[in-house]
Amino acid sequence: ATDQNIYIGAFNSGGSAANLLPGLIDEWALWSVALDANAVAAIYNSGVPFDLTADSGNYDNSSSLVAFYGFNEGSGTTATDATGGSNGTLTNGPTYSTNIPG
């Protein structure tokens with residue numbers, strides 16, 4: 001296996017970001033297992049993201065959480081990983097928004 005960067009909101013094109021997403025991203029998470037329908041419903045049915053580092057209701061996958069970025073820093077080029085793993089580096093001039101669509 002080869003270590004490669006993960007690009008959130010872009011395509012990894014030979015180690016560079018390509019096809020950048022022209023939109024907003026918030027509360028991004030990665031698990032080492034596929035979530036079942038009950039866990040997905042528990043995360044999204046409340047309408048408000050909760051702390052995915054702790055089990056809650058039908059969400060029982062916190063031990064499989066690999067990375068969780070809330071993008072709540074407000075400024076800067078670092079996205080903090082709530083699991084204590086690897087913080088992310090924000091590139092290509094992202095900006096924080098207080099506008100919540102919907």
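## Close-ups of ring pairs, strands and pockets

Tyrosine 59 counts as buried, at 0% relative accessibility (buried is under 20% relative accessible area, exposed over 50%, partly exposed in between; 1.4 Å probe, protein chains only). You're looking at a predicted model, where local features need pLDDT of at least 70 and side-chain atom pairs count only at pLDDT 80 or more, while totals for chains, interfaces and linings use all residues. Residues are numbered from 1 along each chain as its sequence is written, and side-chain values use heavy atoms, leaving out hydrogens and water.

View A. Searching the whole structure turns up four aromatic pairs (Phe, Tyr or six-membered Trp rings with centres within 6.5 Å; stacked under 30 degrees between planes, edge-to-face over 60, tilted for the rest). Tryptophan 28 and tyrosine 69 make a tilted one, with 5.9 Å from centre to centre and 35° between the planes. Tryptophan 28 belongs to strand 3 and tyrosine 69 to strand 4, so this pair bridges distant parts of the chain, 41 residues apart (strands are DSSP runs of E, at least two residues, and helices runs of H or I, at least four, numbered from the N terminus).

View B. Because tryptophan 31 is in strand 3 and tyrosine 59 is in the loop between helix 1 and strand 4, the pair ties together parts 28 residues apart in sequence.

**View C. Strands 3 and 4, side by side.** These two strands pair in the antiparallel sense over four bridges (DSSP must find at least two for a pairing). Alanine 29 stands opposite phenylalanine 68 in strand 4. On strand 3, Ala29 and Trp31 make up the covered face, while Trp28 and Leu30 are on the uncovered one. In a regular strand, side chains alternate between the two faces of the sheet. Strand 4 is mostly covered, with four of its five residues buried.

**View D. The largest pocket.** There's about 1400 Å³ of space in here. A pocket is an open set of points on a 1 Å grid where a 1.4 Å probe fits, with protein on both sides within 12 Å along at least five of seven lines; lining residues have an atom within 4 Å of a point. The lining runs to 41 residues, and Ile8, Ile25, Phe71, Leu90 and Pro94 lie nearest the centre.

View E. Which element supplies the largest share of the lining? That's helix 1, with three residues. Strand 3 and helix 1 (37-44) each supply at least two.

Conventions:
Points joined across faces, edges and corners; volume = space filled by probe spheres on them.
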